[in-house]
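Please consult the sequence and structure alongside it.

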Amino acid sequence: MCLHLYLDIMLYNKASMKQPTTLCQPHTWYPNARRKKRNVFLHVGPTNSGKTYNALKRLESSSSGVYCGPLRLLAWEVAQRLNKAKVPCNLITGQEREEIDDAKHSSVTVEMADLTSEYRCAVIDEIQMVGCRTRGFSFTRALLGISSDELHLCGDPAAVPLIQRILEVTGDLIKVQYYDRLSPLIPLKYPLGSFSNIKTGDCIVTFSRHEIYKLKKKIENGGKHLCSVVYGSLPPETRTKQATMFNDESSEFGVLVASDAIGMGLNLNISRIIFSTLKKFDGVYTRELTVPEIKQIAGRAGRYGSKFPIGEVTCLDAEDLPLLHSSLGSPSPVLEHAGLFPTFDLLTLYSRLHSTTNFHPILEQFLEKAKLSPDYFIADCEHTLKVATVVDTFPLGLYDKYLFCLSPVDMNDDIAAQGLIQFAENYAKKGLVRLREIFTPGTLQVPKSHNALKELESIHKVLDLYVWLSFRMEDSFPDRELASSQKAICSLLIEEFLERLGWQTQGKGSYRHSPLHLQQKISMHCTVRPSP
């Protein structure tokens, strides 16, 4: 299978190869796209304005096409939509491949965009993410590299000037279409006050796992509501299940407690967004939410066509209301730069010039010497450098190190990081990584504490990493089916914990769904074996 993100080696001109640290003309890296005069349509407007809907209608009516989304959930949702409309559509993400017979459409996560194929129509969703410090380079790559007669870009108006500048040199024809919100969003002048004022359809937003469960418990202790939860480290399948329970009018889970993971990727029937705080820890320091972040989250209330046609937004504390109101009334700051990341062939050439295969010094020195045009920035490589430090300790080739460095591993999670180390070590020693050598059959059960839940979420990340690697090194990671089944088991166990948490709080009498007896359904469980 072609590794679209990682091997665009033949798509770069020879001139750029002579100066591998010169990244001033990234549009020349994609001659396949440059051979076309693309018609580019910018669909821009606030959340819930119909911009993506209109782009997808065009994709649906085209003879061939691709949807590129920022999340697996969005890719899955679009694939389902097209297949339901009798338009055969493949689903391709870093961890999934569902190929449909005779499909000429694909729905993919943006990192998996195929730059070697040609399409009649392509859609890139949330195009303002070209400015994301960690993932922006994937959106830039898709923007410059997709070869399509029509290219539809959906997102925030703040991205328009940057996109226009970037595409000035490509010869593409650009048309901008602005959208207004389809349903009203009303910023309330008063805070929530007491938790007794929580009502069905509310979503309270906070920014730490600990706070999510603290608020869930506080709301449920009031005896009126059960809460679904959505946050980033939940498996995607579990997030979808929690959202479905919240959206289901026959369910008692009428309140949602969530992180900013709801900002995109889930269709939610939210009446009112309540910010518990307007500050978050972003991995480096605690800061106030930006205007785009506040608008993206608040805009999830009052989805057009849902049972809540008018959305409301407020805060838990009155002191946060001025920032909320000013942010909702302000345009998002105009994007100045789009992300770039050095490709494998550039790093290969650089390593040959410096006679080393140690990935950390190659990448670090490359970044120090990189020359960029004013419209671009180099992606934040802190995570990549952490992985490089690990993989450089093993006798691996440069391409293998590159793959491990771009893998979706959470190096801040001890269990997930340990999983990567074990995978890299076994691969370096034998060229073969069997899942049973790293996971042992055990008696993994529904978590009984939040610490046990966190550990199970980490195990899911390790299994997810194995699946990701198996799609790129299939012969060396042959147990994809086993890893996928264990991922599904983890998701079921996490769902069981979340359901039991509400059931125990409310008592058996008010819980409509009896707990799942998962132990009867699961024939094998796995636990992480510590490194020797």
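Lys-36 is buried, with a relative accessible area of 18% (buried means under 20%, exposed over 50%, partly exposed in between, with a 1.4 Å probe and protein chains only). The model is predicted: local features need pLDDT of at least 70, side-chain atom pairs count only at pLDDT 80 or more, and totals for chains, interfaces and linings use all residues. Residues are numbered from 1 along each chain as its sequence is written, and side-chain values use heavy atoms, leaving out hydrogens and water.

**Surroundings of Lys-36**
- Lys-36 sits in the loop between helix H2 (31–34) and strand E1 (39–44); helices (H or I, at least four residues) and strands (E, at least two) are DSSP runs numbered from the N terminus.
- Leaving aside residues up to four places away in sequence, Lys-36 touches Glu-118, Ser-147, Ser-148, Asp-149 and Asp-172 (contact: heavy atoms within 4.5 Å).

**Salt bridges**
- The structure holds 28 salt bridges, each a side-chain nitrogen of Lys or Arg within 4 Å of a carboxyl oxygen of Asp or Glu.
- Lys-36 pairs with Asp-149 in a salt bridge, with the closest N and O atoms 2.8 Å apart.
- Asp-149 lies in strand E7 (residues 147–155), so this pair ties together parts that are 113 residues apart in sequence.
- Asp-149 is partly exposed, at 22% relative accessible area.
- Lys-36, Glu-118, Arg-120 and Asp-149 are linked in a network of salt bridges.
- Asp-392 and Lys-401 also form a salt bridge (3.1 Å, N to O); Asp-392 is buried at 18%, and Lys-401 is buried at 2%.

**Whole chain**
- Of the 532 residues, 57% count as buried.
- The chain has 18 helices and 20 strands.
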